[in-house]
Amino acid sequence: QGTVMANAQAKMGAIFKGDSDPVVALDANTLKTSLPHVPTGCLAIDYMIGGRLNRFGVAPCPGLPKGRILNLYGHEAAGKTTLALSTVAQVCAAGGSVCYIDFENAIEPSYAAAIGVPIADKDRFLLCQPETLEDGLKIMFIMLSEGIDLIVVDSVGAASPKSEASKTIKELDKHARVGELARLWSQHLPKLKRLAAKKNSTIIAISQLRANISTTTAFGPRDTVQGGNAFKFYSALRMRLRKVQQIKGRVFNAMKGTYEEQTIGSKTRAKLDKCKISSSQGHEIDFHLRQGEGIDNASTLIDIASNNGIIKK
């Protein structure tokens, strides 16, 4: 068997040369180091993805793996954009480069800056707001070919295919091509995934949840993710965020001249529906968000310490 394998590898070596060699060298010692990753800035999320120690006492991947795709989805105000911006801030702070493709035209600069995004540093952070999905895909291919560290797509379903964006007023009543958005993502995502892996770049694709109008029985799913099924197949991580609790505190109301109870943040639950990085698939964890400030690791640490009997609230 050893001779057979040696002969096969020799023939492959004659065909595939240089960077095109598909053979990957594996070594058990790789289990003694964490996968190349970028932190999200959220202690709970990093721990859930791959922060638990393996048999060598090493966390497999305490953050988002480089060269992979994360599909981040959930209902509105669940913290998807905040988590993405927090990751952007971490990458930039470590000297990396980020391209944020904002199909929703909804990024608020002061909030991004409050989280830590260097919005004025064009060498670190570039915000793009393309008019069509095709333009956004061109930007992604250019950025990946140059080896950018992180690309954020916000959001998958907000991108408009050129066939729709170019319609005139007289053509607005014409029906859109069914599944055109999903077709384009499905067509280009395999190439994007390969290029990201080659350049060791990370992609965060944000998706909204929509009502599933095709459900005909009470037992089917009530909501579905934007952009078709391509991201389900090509993502190494698929994470759903869901707000589980509103956090209130005393806030001064200048209109009334008094302090009153107002919502100042929320507790969000993250669930890994898919995880090809560690054994955390299906796991859930809670973390805190504070309005106007982003991820609140202090409150999360207080919860952890209280749950483990270290402190009393």
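**Notebook: pockets and cysteines**

I began with the largest pocket, which holds about 490 Å³ of space. Its lining counts 25 residues, and Ala77, Ala78, Gly79, Thr82 and Tyr111 are the closest to its centre. A reminder to myself: this is a predicted model.

Next I looked up which elements give two or more residues to that lining, and I found α3 (80-93), β7 (202-211), β9 (237-253), β10 (258-275) and β11 (284-290). The most comes from α3, which gives four residues. I then sorted the lining of the largest pocket by class and noted eight nonpolar, 10 polar and seven charged residues.

On to the second largest pocket, where I noted about 380 Å³ of space. I listed 16 lining residues here, with Leu26, Thr30, Leu31, Leu35 and Arg68 nearest the centre. By class, this second lining divides into nine nonpolar, five polar and two charged residues.

Then I turned to the cysteines. How many disulfides does the count come to? I got zero. I checked Cys61 and found it in no disulfide, as the nearest cysteine sulfur belongs to Cys275 and is 8.1 Å away. Cys61 is also buried, at a relative accessible area of 0%.

Cys99 was my next stop. Its closest cysteine sulfur is that of Cys128, at 4.0 Å. A disulfide needs the two sulfur atoms within 2.5 Å, so I put this pair down as too far apart for a bond. I looked up burial for Cys99 as well: its relative accessibility is 0%, so this residue counts as buried.

Technical notes: Residues are numbered from 1 along each chain as its sequence is written. This is a predicted model: local features need pLDDT of at least 70, side-chain atom pairs count only at pLDDT 80 or more; totals for chains, interfaces and linings use all residues. Side-chain values use heavy atoms; hydrogens and water are left out. On a 1 Å grid over the protein atoms alone, a cavity is a set of points where a 1.4 Å probe fits but cannot get out, and a pocket is an open set with protein on both sides within 12 Å along at least five of seven lines; lining residues have an atom within 4 Å of a point. Grid points are joined across faces, edges and corners, and a volume is the space filled by probe spheres set on the points. Ala, Val, Leu, Ile, Met, Phe, Trp, Tyr, Cys and Pro count as nonpolar, Asp, Glu, Lys and Arg as charged, and the others, Gly among them, as polar. Buried means under 20% relative accessible area, exposed over 50%, partly exposed in between (1.4 Å probe, protein chains only).
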